Amino acid sequence: MAIPADGTPDITAHAADAASPEDATPIDDIPVDVMPEDAAPSTIEPAPVITATPTRKATGPRFLQRTRTMPVHAARARWQWVAVGALAALLCVQVVLADRARLATQAGWRPVVMVLCGVFRCDVPTWHEPGAFTMLSRDVRPVIGQAGTLQVQATFRNE
């Protein structure tokens, strides 16, 4: 085990490199003549023993493994889906309100836009459908006494 310059031991050693607990010699069994002269038997601390724990062999990335790191609570998952649905509905309402001028010109969307603008107090453009006008009669005559002037009279039906 390497000791860095600051004096703290490096405990990131691999489990295979560490000695087993049976191989460790108790400090009381070390002969006094082998001990360093400045170290007393009471001040020597044994090195931490890292033992290998049996683990399942990982065959791929951790996110692909079947075990979950956190339990999923069904109630929390249900409320999350409810929140996602509510946010999606709110997004749809915002899109309809933002595009209300174009959607109000279509007969299928106009009632939806009218209801939403009634709730959110926005204005709806007036209904324009030039194809719904039918000309029933027309009359074009010159105006007497005014040269180059015509009088037009027309009758329309708005369907």
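1. Packing of helix 1 against helix 3. In this predicted model, helix 1 (residues 74–98) packs with helix 3 (residues 110–120) at an angle of about 100 degrees, and their axes are 10 Å apart. Because angles of 65 to 115 degrees count as roughly perpendicular, helix 1 is described as roughly perpendicular to helix 3. On the side of helix 1, the contact is made by V93, V96 and L97; helix 3 contributes V113, L116, C117 and F120. The residues of this contact comprise seven nonpolar, no polar and no charged.

2. L97 belongs to helix 1 and has a relative accessibility of 16%. L97 therefore counts as buried, since the cut-off for that term is under 20%. With neighbours within four places in sequence left aside, the residues in contact with L97 are L116, C117, F120 and C122. For the pair L97 and F120, the C-alpha to C-alpha distance is 9.0 Å, although the two residues are 23 apart in sequence.

3. R110 is placed in helix 3. Is this arginine, R110, buried or exposed? Its relative accessibility is 16%, so R110 counts as buried. Two backbone oxygens should be noted together with the R110 side chain. The backbone oxygen of A104 lies 3.1 Å from a polar atom of that side chain, and the side chain of R110 also reaches the backbone oxygen of P125 at 3.1 Å.

4. Apart from neighbours within four places in sequence, R110 is in contact with L103, A104, V124, P125, T126 and W127. A104 and P125, both in this list, are also the residues whose backbone oxygens were described above: that of A104 at 3.1 Å and that of P125 at 3.1 Å.

5. R121 is found in the loop between helix 3 and strand 1. The phi angle of R121 is near 55 degrees, which is a positive value in a residue other than glycine. R121 has 79% relative accessibility and so counts as exposed, the cut-off for that term being over 50%. A reader inspecting the backbone may wish to look at this residue.

6. H128 in that loop. H128 likewise lies in the loop between helix 3 and strand 1 (133–142). With a relative accessible area of 59%, H128 is exposed. H128 and A104 are 24 residues apart in sequence, and their C-alpha atoms are 9.3 Å apart in space. A104 is also one of the residues in contact with R110.

7. The chain as a whole. Which secondary-structure elements does the protein chain have? There are three helices and two strands, and along the sequence they follow the pattern α-α-α-β-β. The protein chain has 159 residues, of which 6% count as buried; L97 and R110 are among the residues that count as buried. Among contacts between residues at least 6 apart in sequence, 22% join residues at least 24 apart.

How values were computed:
Residues are numbered from 1 along each chain as its sequence is written. This is a predicted model: local features need pLDDT of at least 70, side-chain atom pairs count only at pLDDT 80 or more; totals for chains, interfaces and linings use all residues. Side-chain values use heavy atoms; hydrogens and water are left out. Helices (H or I, at least four residues) and strands (E, at least two) are DSSP runs, numbered from the N terminus. Buried means under 20% relative accessible area, exposed over 50%, partly exposed in between (1.4 Å probe, protein chains only). Contact means heavy atoms within 4.5 Å. Axes are lines fitted to C-alpha atoms, for helices over the stretch in contact, and angles run from 0 to 180 degrees between N-to-C directions. Angles under 35 degrees count as roughly parallel, over 145 as roughly antiparallel, 65 to 115 as roughly perpendicular and the rest as oblique. Ala, Val, Leu, Ile, Met, Phe, Trp, Tyr, Cys and Pro count as nonpolar, Asp, Glu, Lys and Arg as charged, and the others, Gly among them, as polar. A polar contact is a pair of N or O atoms within 3.5 Å; within protein, one must be able to donate a hydrogen and the other to accept it, and residues adjacent in sequence count only if both atoms are side-chain atoms.
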